[in-house]
Amino acid sequence: MGAGLVGLTISSPRVATETGKTSLFATAAKRKATSRRTNLRTHRRNGSHNAECTEGLDVPGVPASSSVEEDEETCRSSRNKDVRLMNRRQAMRRTSFALGATVLPSMQGFQFYEAFAAIDEPGDHLDEWVLSVGLSTLTVRSDGTMDLRGNNGSTSPQTLNVILPRSAGNTKASLSPARKTPPGALLSLQWPGGTTLVVWDSGDEAGDMSRRLFSWAAGVGEGFLLELSVPSDVDDVNGNTEQAEINVDLQTGGRWYGGAHLLRQLWPLDRAQWELGPMYPFDHGPNGLGSVVGAHWVSSRGTFVAVDPGTPMLHVGLNASTQQRPRDDPRFFGVGIQHLTQEALPYEDGVASRNRNASERGDGKLRIQARRTWQDGHVLHPWQAIGTPESEREQRRAFNEGENDEVTYAGKQPYTDVLDDPCVLRIAIAATSDVRAATLSALKPLQSPQLPPLAVVFNRPTWTTWATSHADVTQADVLALGKAVIDNGYRPGVLEIDDRWQSRYGDLEFDSVKFPDPKGMIVSLKKEGFLVTVWVMPFLQEGSVACAEARRLGHLIEGGDPPSIAREISVGGAGERLGSTVKVLVDLVDFPPGHWDGGGGGWALQSGQLRWWGTQPVRAIDLTSDAAIAWFVSRLKALQARVGIDGFKFDAGEPCFLPRGAVTSRPLKYPGEYTQLWVNKVVSQFNISEVRSAMGTTGYRGLVRMGDRDTVWGVDNGLQSLIPALLTSSVLGYPFCLPDMIGGNAYWGQFPDTELMIRWAQVSALMPAVQWSIPPWEVSDEAADACKVADSMREAILLPRIDELIAAAATNLTPICRPLWWLDPLDQETFNVDDQFLIGDDVLVAPVVVKGARSRRVYLPAGVWSEYNGEKHILGSRWVEVDAPLKKLPVFIRASV
């Protein structure tokens, strides 16, 4: 064997069993190892009696190989499929080496994992461990830094690191003793103070323990499962606590996608400065987080990162500002009119805005945290008034022990040792070949619906009363809309009756004044070819018959002490105080007036009541109670039977809409569980449905709607945010995306002009489903004509392909509408394109989203393309300039690869 190299031979697993300890052999070399190339063989055998490595350490009963060449020949001739060859130079970065091996027990026998370690001085302290699973390699260092490599051809690894708590000091990690090493782990490290890091194989060879703890990541392929555990003790008088945090470097991953819907939806995601904050569905969250929240991110270089969505007190930031918000002006959550005092977030990196300079760049990291508590003076949100120290501790206990189904209010006995009550963060990582492969890895563990939504929601448009009537809708308005749709040459589809059709929220009875004959109205609409749905949410209005019944039956979420008016209007900075004051006044007088009796009266909240975007005090249905769910669903089905409703538009469902001090029949394991109960237990029981909130609900077979859009051009919740939100939905596993209504919601006196209406229709027309509200014929004759052309293109281009696309999406979540990199995931030109999308693999849609533009540049990926009703046989992998007069939607069809 060459000088400077050391070999290792491990004895029979029977010997290790008798000792009950992890075997570790390490010795240091004194000479440089750069004089020759050496391959290391890693042998992994389940139930075998020996494992042989290169020579240099004699163990009784096991012969040592005589040379590296003989050892390599043995590897080549072996029929064992688990043999791995690794270039030693790829694993080493220093001039002196040691070789360590850890023998860890598993349920299937013993598995042998060999790791390199680089050291400064001879000895048995290891600084670096290299783990290999398939084509992914993870280097873990004793300071918590890590490198992830794969077969993507990149010369630089994806870097990430553990943020070591103060209790760990500046010391280095050491291998955990055998008694503290989880079964089946590749590596288990510990730092002083109780911080530990455990790494498992994400593949089929993972043991029972990792399969139980990482069931949410089952099937991600060749990668690694990491569990970071940090003591949750309080460190200082200011209440700062330890937290488990892993950072992923953005630059070494390239461009990034996934995460969640955001108010300012940017693509790629690293263009944004997503400020660190709570990770659960919001209606306009304090850092811009929206209603559709995922738990994974993928990069253009093939990195895949996912976090357990059930992580207690989960916080995430991506390229966040390096400066925290001051405590006297924190970020905050608001509802309804309070949104006017919130900034449109996240900021765009390197772009100036009203409150920041272009020079203020983000931190370049994906930060994932499992915190001890929701409390944070820099970001204010509802769960800070819901969780208690006792409930947060119980959530941590159940999560840490893998018993999320056993969370109770009573919990177990309080911990006497902070090491028994750690913050635990579990993530899955992999280095795949490219961004498409990373996305497929991310989608594989997610539940798929198997059955798609009913074909009618794709083949026919949805028409809703919201943007034109808002809360003043009447029976006459509904019938007039249905007639106008047909008179203007559109096909009848789903006609959705929106807000305030009820006498009282939750009663599920049509207002007898506004709707004197609802059954007759629905019969008339159905004769014209419409299906009819109505708008509902999981709230019950104070004073309604339903609220009184639900309270008597115990179906409501109870609350703690409600906030006083003085407290509501004095919390936070100037913006929050102003917004809260206006909201309280609006709720008091039901402004603007003229809606109907039943609003107002919301000056001071009672226990269990909550504020929402309406102007009435409401209470929330307890979705943790099977009896409450059965009661609510039966009432929805009774409404269908009475008047002939076909389905429902389900609004809300975000866990931000719970009362202060919320008490449910059983504790929620984490905020997102409320959304999951809403979607899986209520919404999914109806064949025709749509929902706007999503987290861990990819198995839902209905439409997932984008959040409400403002009637503006920009990426700040306007037209330019639609395609980025569509593509983000696709990456997150929600292929049945329903864009918000064409032309936006017409809030705050907004109304689209002819150009905005036409361009909005063109953007939406070829998305999976389409939704109208502002009638284009009420904008202008030109808008009416151009929108009809866009609708005709949907019939000609999308609908002939839709059946095959929705079938694949239902089976395995394959996106219907895809990013350009889906066709050529190694083409760097596709990584930044945020205003084009693919339908399947052969249609490219490139609408105009810039005001006043009458032409645009279009990037065509690899292949031969023809413009729809235009130039033929255009070679791809290049940019082309396309004329785009107001009535034209540029579309290209790929003829071949």
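**Strand S23 and its partners**

I looked up Glu496 and found that it stands opposite Thr533 in strand S24. The model I am reading is a predicted one. S23 (residues 494-497) and S24 (residues 531-536) run parallel and are joined by 4 bridges. I then checked strand S22 (residues 462-464), which also runs parallel to S23, with 3 bridges between the two. There, Thr462 has Val494 as its bridge partner in S23.

Which way do the residues of S23 point? I noted Val494 and Glu496 on one side, and Leu495 and Ile497 on the other. All of them are buried.

**Helix H17**

I went through helix H17 (residues 754-764) next and found 11 of its 11 residues buried, so the helix is largely enclosed by the rest of the structure. Among the buried residues are Glu755, Arg759 and Trp760. What do the buried residues of H17 pack against? I listed helix H16 (722-732), strand S31 (771-772), helix H18 (781-812) and strand S33 (837-839).

**Thr439**

I found Thr439 in helix H6 (residues 435-443). Its relative accessibility is 0%, so I count Thr439 as buried. Leaving aside neighbours within four places in sequence, I found Thr439 in contact with Val298, Val731, Trp821 and Trp822.

**Cysteines**

How many disulfides does the whole structure hold? My search found 0. Cys817 is in no disulfide, and the nearest cysteine sulfur, that of Cys737, is 7.8 Å away. A disulfide needs the two sulfur atoms within 2.5 Å. I also checked burial: Cys817 is buried, with a relative accessible area of 1%. Cys423 is buried as well, with a relative accessible area of 1%.

**Salt bridges**

I noted a general point before starting: side chains of opposite charge can pair when their charged atoms come close. The structure holds 42 salt bridges, and I looked up a few.

The side chains of Arg397 and Glu401 meet in a salt bridge, at 3.0 Å from N to O. Is Arg397 buried or exposed? At 4% relative accessibility, I count Arg397 as buried, whereas Glu401, at 32%, counts as partly exposed.

Arg705 forms a salt bridge with Asp740, with the closest N and O atoms 3.9 Å apart. I placed Arg705 in strand S29 (residues 703-705) and Asp740 in the loop between strand S30 (737-738) and H17, so the pair ties together parts that are 35 residues apart in sequence. Arg705 is buried, with a relative accessible area of 2%. Asp740 is buried too, with a relative accessible area of 0%.

Lys888 forms a salt bridge with Glu867, and here the closest N and O atoms are 2.7 Å apart. I placed Lys888 in the loop between strand S38 (878-883) and strand S39 (891-896), and Glu867 in strand S36 (residues 864-867), so this pair ties together parts that are 21 residues apart in sequence. Lys888 is partly exposed, with a relative accessible area of 25%, whereas Glu867 is buried, with a relative accessible area of 11%.

I also found a network joined by salt bridges that share partners; its members include Arg705, Asp740, Asp708 and Arg692.

**A surface patch**

Leu585, Leu588, Val589 and Trp603 make a nonpolar surface patch of about 360 Å². I found Leu585 in helix H13 (residues 574-589). At 43% relative accessibility, Leu585 counts as partly exposed.

Definitions and conventions
Residues numbered from 1 in each chain as written. Predicted model: local features only at pLDDT ≥ 70, side-chain atom pairs only at ≥ 80, totals over all residues. Heavy atoms only, no water. Buried < 20%, exposed > 50% of the residue type's maximum accessible area, 1.4 Å probe, protein only. Contact = heavy atoms within 4.5 Å. Patch = residues over 30% accessible without salt bridge, like charges linked within 9 Å, V, L, I, M, F, W, Y side chains within 5 Å. Areas by Shrake-Rupley, 256 points an atom, 1.4 Å probe, with all protein chains shown as cover. Salt bridge = Lys/Arg side-chain N within 4 Å of Asp/Glu carboxyl O. Pairing = 2+ DSSP bridges.
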